[in-house]
Amino acid sequence: MKHKYYIIILGIALCFAACKKFANEAFNNTTTQKETLAVKVINDDDQLPVAGVKVIISRQTEASGVYTQVDTIRTDKDGQISTKLPYPNNIKVEVDTTYYHKGEQALYFNSAANVVLHTTPKYGMAPLNIAVKDELNAGISNFPMLIDTKAPGADTYTSTGGLEHAGTNGQLIVSLPYPNAVRVIVGDTMKYFPDTLKTALKNVRGETVNLTAKLKPTTVPLEVTVLDKDNSTLLPGIDIVVLQKLTGETDFKAIGLTGTTGSNGKLILNAPYEGEVKIKTTDPAFFSPDSAITRMAYAQNRSITLRSKKLTPKAPVDVLVYDQSNNQILPGVTVNVSSKITGETAFKLDTTAVTDENGKLSVRVRFSGDMKFEVLNDTYFASNAITATNTGSAAKQVSLPLTVKTAAYPEPVLTTLMVSSLTLNNGITLNAPTDVANDKRGNIYICDQNNNRIIRVSRNGNTTVLAGSATASSVDGTGTAATFNKPKGMVINQAGTELYVTEYSGNKVRKITINPTNMTAVVTTIAGSGAAGTADAVGTAATFTNPSGIDLDEAGGALYLSDLSASTSVGRIRKIALSTNTVSTLGTATIYAPNAIALNPSKTSLYLGSFGNTFGSTESYLFRVTVSSGARTVLKQTKTTNFNDPSGIFISPAGVIFVCSEKAHSIARVTSEVTTNSIFGLLAGSGTDDSITGVNAVTGTAGNVDGPAAIARFNLPWAIKYNAHAGSFLIADQGNNKIRIMKSSTIN
């Protein structure tokens, strides 16, 4: 039973809500049909019409009796108003009670109607007659005004209540209390110049005032002068644009106002009077930018000077320079960038730029026309140029392939040798470097022995860790994820994409494969188990004991390395056939502490420097070993002038042998290759004191001095290589923790 009552109650509530909604909608109905409402206001004190009183008209908008104001109108000189209202509607007409007592009438308005309102003033009232005219003395209808009053003795004016509007003939009567001061203010200062009239109502007769409204101009002439920013001469042909920002807005907006300076460097535009304007040069690709902000309302602001300059328009171009043989990115290459725009007959040099570490450069090139990118007289690459179309300002991409050229200095120039030090950056320092290698593209690779890593120095001089970390272990991997255990010797293939590294304490031979497109390195182990030993076998089944120097016969597919065996000094020459990574021993004769190793140009002989038996009486050997048989010839078997513990060997294409000796602290060349009695000529570093005798005796003077070869000093120079393109030797100066460069001063 309760459920039925609940349903009935809910139904009644819904019906009531619906009825209320329908009723409200009916009262809110506003049609487009209108009829005239005439209103007259009578002062009951004297039964005369009231001029200038404010009448409020409202419309019923809620069934509950709520009215909403729709208009306010002041009566004319006859105390009347006439207005059009939509019908049917319930309306209420009432006198504003600010200065008059209540007088109102409600009616159902469905046709023309006449209403008479009766009221009496609260104060002594007087009419203020306002006539609004333009500068031609014509009345301005619907002109907006603000009207304020100030009582005697008061300090401030009080508003009569919002904007008032003149009638169709520019006339307005306002009924106000007296005595009072009155102020009439122009209500629309966006369209009209501001103005204020003041008067006083002293008696019942009131006052009459005339307000002349002056329209603001829409635009005013703006003169723009453009001067050359460098020499202040007048600049013709400069494109100008004017933007506008009105009061309350935050940004300047385009208004379609543009122009170009004439032959006198001037431009006159009709700029908007209102708000702020920004005058500026247009496209910064064509004109050096300048701008000014001002207000046209002030005559002194209507002449503006900008400083600019005509620019040659340029488009952004990204250039990739690479080795076309293997797509290797090429940093440090100088590229001449030229352009030939429409109408020109020859290319003009725009700029010269150097490629970054990714082999790229970004330049801006003149358009429209053709552009040319050219490499000339490069140390490593043959000259080459490409041309491309450069139309419009859009960004473009160009690739410039290069080929490695024949080396300019296949044989070292040995006159007036100078020694300097290789500069590293990025906070990288070396710790006992023991070998160095260079490719044909300007990259230098370093065995950073005691830091257990391989360092790359690009042609730009940018220094990075190619592979390895500070951890002394032997783990394959990519880049710094791989580890080394005292990398000792190093050799690189002709393409510059494969490095072979001996691992002195790790007893392995590692291979570093370099991706030429991004120079990332993958480290693998090609031979050696890690255990010390002398076992010949395939790959990691073989064993080494302190592998040190290494060289590559690329055509023969073999590596040759010295197995130093530091604990016993009984070393070996080992060979790795790269097709299978099979390790074998070359020859059977004992070699004490072999270290430096280099193949002759024909790859038929090995030259081997050994330290000798440090536990006995032998010392400082230089051997020539026949590759095919392992037979050896002793070229020197004791320390001598400019020769003591040969730690590095380089052999030039002409067969000249260069040796660095760690205990002589010097660089020498073999001037006479004679069995057991070869002679060494000093090139750089300390001369030897031949009076010093004894096994392991140091016969040279260590130092760290750059300069002419005669005064330059080294500290345990451990390896020597040669850059045939640059004509410079690279020396791993172990004791000074640096790489030294030695070249003739006659070579740039």
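This report walks through the domains, nonpolar cores and aromatic rings of the structure above.

The model is predicted, so to speak of a local feature a pLDDT of at least 70 is needed, side-chain atom pairs count only at pLDDT 80 or more, and totals for chains, interfaces and linings use all residues. Residues are numbered from 1 along each chain as its sequence is written, and side-chain values use heavy atoms, with hydrogens and water left out.

**Domains and cores**

Let's start with the layout: the chain is split into domain 1 (34-121), domain 2 (125-212), domain 3 (219-307), domain 4 (314-404) and domain 5 (417-744). These bounds come from an automatic or database domain assignment. Between the C-alpha centres of domain 2 and domain 4 there are 76 Å.

In soluble globular proteins, nonpolar side chains tend to be buried together. A nonpolar core here is a set of buried Ala, Val, Leu, Ile, Met, Phe, Trp, Tyr and Cys residues joined through side-chain atoms within 4.5 Å. Buried means under 20% relative accessible area, exposed over 50%, and partly exposed in between (1.4 Å probe, protein chains only).

The largest nonpolar core has 39 residues, and among those with the most contacts inside it are Ile 130, Val 132 and Phe 143. Strand β9 (residues 125-133) gives the most to this core, with four residues; strands are DSSP runs (E, at least two residues), numbered from the N terminus. Domain 1 and domain 2 each supply at least three residues to this core. A second, separate core of 21 residues includes Val 319, Val 335, Met 371 and Ile 386.

**Aromatic rings**

There are 12 aromatic pairs in the structure. Rings of Phe, Tyr and Trp (its six-membered ring) pair if their centres lie within 6.5 Å; planes under 30 degrees apart count as stacked, over 60 as edge-to-face and the rest as tilted. Here are two of the pairs:

| Pair | Centre distance | Plane angle | Type |
|---|---|---|---|
| Tyr 99 and Tyr 123 | 6.3 Å | 70° | edge-to-face |
| Phe 650 and Phe 729 | 6.3 Å | 80° | edge-to-face |

Is Tyr 99 buried or exposed? Tyr 99 counts as buried, at 15% relative accessibility, whereas Tyr 123 is partly exposed at 45%. Phe 650 and Phe 729 are both buried. Phe 650 lies in strand β50 (residues 646-651) and Phe 729 in strand β56 (residues 728-733), so this pair ties together parts that are 79 residues apart in sequence. Phe 650, Phe 658, Tyr 722 and Phe 729 form one aromatic cluster.
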